[in-house]
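Here is a short briefing on one protein chain. It covers a pair of strands first, then charged side chains.

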Amino acid sequence: MIPSVNDSGSRTIGLLAYLYGPGKHEEHTDPHLVASFDSMSPDPGRDPNATLKDLQQLLDQTVMALAEHARPARHVWHTSVRADPGDRILSDEEWAGIARRIVAATGIDPGEGQPGCRWAAVRHADDHIHIVATLVTEDGHRPDDYRSGARAQAEARLIEKELGLRQVAPGDGTAAQRPTSAERHKAERQGRERTAREELRETVRRAVTGATSDEEFFDRLAAAGLLIRKRVAPSGDLLGYKVALPDDLNKDGEPVFYPGARLAPDLSLPRIQERWSGESQDNSAARQEDAPRTGPGTPASARRRTASAAWQAVLIVEHGDDAVAAAHIAAAGEVLDALAKTSALHTRRELQDAATAFERASRSHVRAERGHDRALRQAARALVHSGPALGRGEDGATTAMAIDMLFFLITATMHWHAKKGHAQQAAAAHQAAGHLRAAYETAAAQPLGALYQRGRRLGRAVAERQTSVLREALPQLAEQILAEPGWYALAATLADVEAAGHDPAVLLSDATARRELNTAESVSDVLVWRLRRTAGLPADNNDRVTSSPASEPSAREVGRRAPEQPGPRPRRP
């Protein structure tokens, strides 16, 4: 159940005309009163002798009783209360009870002998009501309606439990503003799948991904086709910005501009500038890691960089200072946006959905301390500048590697929010993790499947040697790993490690010492990615094996089951 308190208005009769009217798209059915301040208010919907003017005059009576100079300029309070789409249809009596509880909780009509405002609750659809009140109490004072929106939300949580309705996660005021009903209807008329506000929010969010200056940010907005207005101080300092879609016009034919802060709290100019305030201007700090058969700036090297940065961030989110953890969580959103933007077609939709879902998890009341998130932001920048990745070969395999590591980071974020009582953010991270699981399955199927087939074809002597290495290095996990279908992919990887000049037993021991694996569904799947990364092996089985190792941070692993034969699908985490 979602109460939505609107900005105060000045015309009671205008709001009543809308509520009792047919709606902009004939969506209002059987408008009628379900409750009011005295239970005897006229109902223009069902009483043929009652008029809108009668109801308006009754509600406005306390306002008009004041001297003209004492009347509030905006005296009309309005909230809608909407049930979840999955809830049962509530009766008029239930909605009446809900309305009385909402006006009491918000201070509009507190009851218990305290003077209240005049109000009426109108129902014109199965799933919601509207409450109209005038902001002068019976004794001529302003009601105590401070933070009425938050108070309505808190009461809605109690109502959900008592009526057995779906329990909506409580918010903390950091969510992006929802599109208004007018914006939604306009989008429908224009044939848009999303409102202009939603399209602008996504475009601005992607433009800021990995950006390091105002100039780069605004250049990206312009390249995306947005109209931009900048607010500049007399000193020449940039104070703010607004953006608009070229074809989103008002009734006068002018573009409708939205300030960044009205798109999302963290898209205001000051909050955006915080992202690169801690960035080094030394471009040498952003040089790509050299990876096998992938030069600096390639999609594959950018994905290896992303995997490494994500693992470092897991530890910080789990064990670091809250402000630093919040910065890494925010930067993780940039990485997801960048990966989705540059991914191949077969994983793009799930990655885009993951990035969209995670947007709500990327901010909270814990203020991010920027600068510490440099590695993640540089990884996002590398992804953007490396360009689109192929869905096969080293590009495809390193995409699976990056998704695998990002899944752990998003899961750590979910637990971080849950511990702090950030219910909406925890739910958003959980949803994002689900999309990453699906993307991982698709991306990992080919590279792990090829390794699996190679492992099945290993000579007997090689297979026995790798089995012995496993039992020597990991005696407590060996039998579990040998029983997993993914063992064959791991055996092939161990052979590659050995061929590259490394000691497989040492790397195995190091991999498990750095992070416990008892909670992994498939330890072999986890170890495949870790060994190929630390030994500098190509992620794609068909690429050349080299011996240039990459640094590997410590982080706890939660694995996935390796592919079944003959064309395996990796098991979800």
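Strands β4 and β5 form a hairpin, with four residues between them. Strands here are DSSP runs of E, at least two residues long, and helices are runs of H or I, at least four long, all numbered from the N terminus. This is a predicted model, in which local features need pLDDT of at least 70, side-chain atom pairs count only at pLDDT 80 or more, and totals for chains, interfaces and linings use all residues. Residues are numbered from 1 along each chain as its sequence is written, and side-chain values use heavy atoms, with hydrogens and water left out.

**Strand β5 and its neighbours**

- β4 (residues 117-123) pairs with β5 in the antiparallel sense, over seven bridges. Two strands pair if DSSP finds at least two bridges between them.
- In β5, Ile131 has Ala121 opposite.
- β3 and β5 also pair in the antiparallel sense, over seven bridges.
- Here His78 stands opposite Val132 of β5.

**Cover on both sides of β5**

- Buried means under 20% relative accessible area, exposed means over 50%, and partly exposed is in between (1.4 Å probe, protein chains only).
- His128, His130, Val132, Thr134 and Val136 point one way. Ile129, Ile131, Ala133, Leu135 and Thr137 point the other way.
- In a regular strand the side chains alternate between the two faces of the sheet.

**Salt bridges**

- The count comes to 36 salt bridges. A salt bridge is a side-chain nitrogen of Lys or Arg within 4 Å of a carboxyl oxygen of Asp or Glu.
- Arg166 bridges to Asp84, with the closest N and O atoms 3.2 Å apart. The two lie 82 residues apart in the chain: Arg166 in the loop between α4 (148-163) and α5 (181-190), Asp84 in the loop between β3 (76-82) and α3 (92-105).
- Arg166 is partly exposed, at 46% relative accessibility.
- Arg275 bridges to Glu334, with the closest N and O atoms 3.1 Å apart. This pair links helix α9 (residues 269-277), which holds Arg275, to helix α11 (residues 322-342), which holds Glu334, across 59 residues.
- Is this pair buried or exposed? Arg275 is buried, at 6% relative accessible area. Glu334 is buried too, at 2%.
- Glu479 and Arg471 meet in a salt bridge of 3.0 Å, N to O. Glu479 is partly exposed at 49% relative accessibility, and Arg471 is partly exposed at 41%.
- Salt bridges that share partners join Asp266, Arg275, Glu334, Glu359, Arg363 and Arg377 into one network.
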